[in-house]
Amino acid sequence: MSEAVTAEGSQTQAIQPRERRLAGFWRRFRRNKLAVFGLAIVAVLLLTALSAPLIAPSDPRAQDYALTLQPPGVGGLMGTDSLGSDVFSRVIYGARISLMSSLISVGLALLVGVPVGLTSGYFRGFWDEWIVMRVVDSLQAFPFLILALVIAAVLGGGLGYAMIAIGIGFVPAFVRITRAQVLSVRGRDYVDAARAIGTGHTSIMLRHVLPNSLPPLLVQTTLAMGYAIIAEATLSFLGLGAEPGEPSWGSMLFQAQAYLTSAWWMAFFPGMAIFFAVLGFNLLGDGVREALDPRTYD
Amino acid sequence: MAFLVRRLLLTLPILFIVSVVCFSMINLIPGDPATVILGPEATEQAKEQMRERLNLNDPIPVQYVDWLGGVLRGDLGESLVDQTPVSQLILQRLPVTAELALGTFAVSLTISVIAGILSASRRGTWVDYLSTGVALGGISIPHFWLGMMFIIIFAVNLGWLPASGYEPLFQDPIANITAMILPVFATGLRESAELTRMLRSSLLEELGSDYVRTAFSKGLSRRVVVIRHAVRNALVPFVTASGLQIAGLLGGLVVTETVFQLPGLGRLVVDSIEQRDFTTVQGAVLTITVVVVLINVLVDVLYTFIDPRISTSSGG
């Protein structure tokens, strides 16, 4: 995923002033219409999550047994579910849970994966080769979803644990990407120069190696955000994420499963919400990757 | 041969860590595992019996050695729910998952090879736009939701195919195939999306290479150049991606089996988690992961047939 952004690109970028680099990045990003579309979707998602109480016509947890399984148009824009809750309001509030769980799980993966990958790739040796990388290889042998499922099950289920489980599942990928980038940066002239003037390891890692290793991490983070939304929905669908009453897209699909023959809208709208949210992050991630790729430089 | 031996040796530390992770599952349960498994209402005597049964009173290294010894003899312990040997439960479920995985993989490969080649060789045409658009949408769709939509369309509204249920292949082949079509396509379409993108991009790279220009200048037809030359080279990263995808595919089948109520290994994991049957979860997850590791070895060996440079360069 990260290979598209090469070390040469990082070095080319490193010798340009930050403003010029950012302007160049934005110019290249804007040229890609799909990437701009992705950014727009993510912006709408973010706005929806932030202003959910203003947009949603009713309380997403409110139940009205007189209005169960009303089709779209009759029972609000997207109909009502088996408990009489307004599906549209739940989809709107679902954006909050999805974005929050995605941010927290990817944040956790960054928090663990980046320092491990950074120190491991910088110092190398036995610890890197035989401990860190073998553990990473082994964790990557577990299918991501099964690893997340088992961690969530062992920890006890619930949205909080689901986020931790997804975050842990992402850690190996972040370690690998950070380490790969650090390996290509650590032998650069500016790192040797910093070492020659007596700069400490921590300072070299934080001030020289890490900033020049960021581009692929940025791409991975964006793409992981989309995948985390699917992962949270999947765990909630399997009953190991958000509680069934919570307005989460995954738990709405869990609830919809029993009504596929009578109320298609209960499954259709939350699924479409997941689709657009993930599409937005995927397009954004692809756009960021392309804009950071030195081959697209003017 | 030396490459295969070295690759298998490299697998050993991975299998060791995988075994440690699977073993630790029960010990990592926060609090007292016996209370978590039996519930807070269980008597102290029942909890003590559970601890004895799981060897939780022994030191952890002793527990691990005992457990690993059993695993190596094919003994994965007993289900905590009905005392059935876990290996027996797994063997009962394995054919369903294997059939589903093979079917999904076949669908995914067929679609992605056709769409990837058409898309790259007709770049900028409607075929390319259609296939890249569908692939882009495909990677963003949760496949379990696609499965639910298929049930609504093809089972509920059109009545063409069953929404759920499973008949073993050799007992009732027709019922088996009709029950497998929706789950296989729901997962396969999603999986093919990523592979299509991958093949298109690597094939485009190959089509821009010097050797392709040379082949054209020799007067070879477009079909021969694409199929005999470019596709062959583009297949190396494609095989890598397909191999890596198997892990994701097996994980994804957990949900597919739940949506379509298929009695496979994934469903066994989900049901066992619900029933807090951790020995079964442990055995099923270990089996799935070992299969993934072995498939990765197989894929690595396959590379050497597709691109002999790989075994030569890694030998140095």
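**View 1. Helix 10 of chain A is mostly covered, with 27 of its 37 residues buried.** A residue is called buried if 20 or more other C-beta atoms, placed from the backbone, lie within 10 Å of its own, exposed if 12 or fewer do, and partly exposed in between. Helices here are DSSP runs (H or I, at least four residues) and strands are E runs of at least two, numbered from the N terminus. This is a predicted model, in which local features need pLDDT of at least 70, side-chain atom pairs count only at pLDDT 80 or more, and totals for chains, interfaces and linings use all residues. Residues are numbered from 1 along each chain as its sequence is written, while chains are lettered from A and ligands numbered from 1 in the order in which they are written. Look for A:Leu214, where helix 10 of chain A bends by about 45°; a proline, A:Pro215, follows within four residues. The bend is the angle between axes fitted to the seven residues ending at a residue and the seven starting there. After the helix comes A:Gly239, with a positive phi near 85°.

**View 2. Helix 7 of chain B covers residues 143–157.** Its 15 residues reach 20 Å from first C-alpha to last, close to the expected 21 Å. A bend of about 25° sits at B:Ile151. Among the buried residues of this helix are B:Trp145, B:Met148 and B:Phe150. Their cover includes helix 10, helix 11 (249–256) and helix 12 (264–292) of chain A, together with helix 8 (173–207) and helix 10 (222–259) of chain B. B:Gly159 follows the helix, and its phi is positive, near 65°.

**View 3. Chain A meets chain B through 33 residues, which are in contact with 37 residues of chain B.** Two residues are in contact if their C-beta atoms, placed from the backbone, lie within 7 Å. On the chain A side, helix 6 (125–141), helix 7 (144–155), helix 10 and helix 12 each supply at least two residues. By class, that side has 24 nonpolar, seven polar and two charged residues. Here Ala, Val, Leu, Ile, Met, Phe, Trp, Tyr, Cys and Pro count as nonpolar, Asp, Glu, Lys and Arg as charged, and the others, Gly among them, as polar.

**View 4. The largest nonpolar core has 151 residues.** Such a core is a set of buried Ala, Val, Leu, Ile, Met, Phe, Trp, Tyr and Cys residues joined through C-beta atoms within 7 Å. Helix 12 of chain A gives the largest share, 17 residues. A:Leu253 and B:Val269 are among the residues with the most contacts inside the core. Beyond its neighbours within four places in sequence, A:Leu253 is in contact with residues including A:Phe237, A:Pro270, B:Trp145 and B:Met148.

**View 5. B:Asp210 lies in helix 9 (residues 210–217) of chain B.**

**View 6. Residues 1–8 of chain A keep a pLDDT under 50.** pLDDT is the predictor's confidence in each residue, from 0 to 100. Where it is low, the predicted coordinates should not be read in detail. Chain A as a whole averages 88, with 93% of the residues scoring at least 70.

Terms used
The expected span of a helix is 1.5 Å times one less than its number of residues.
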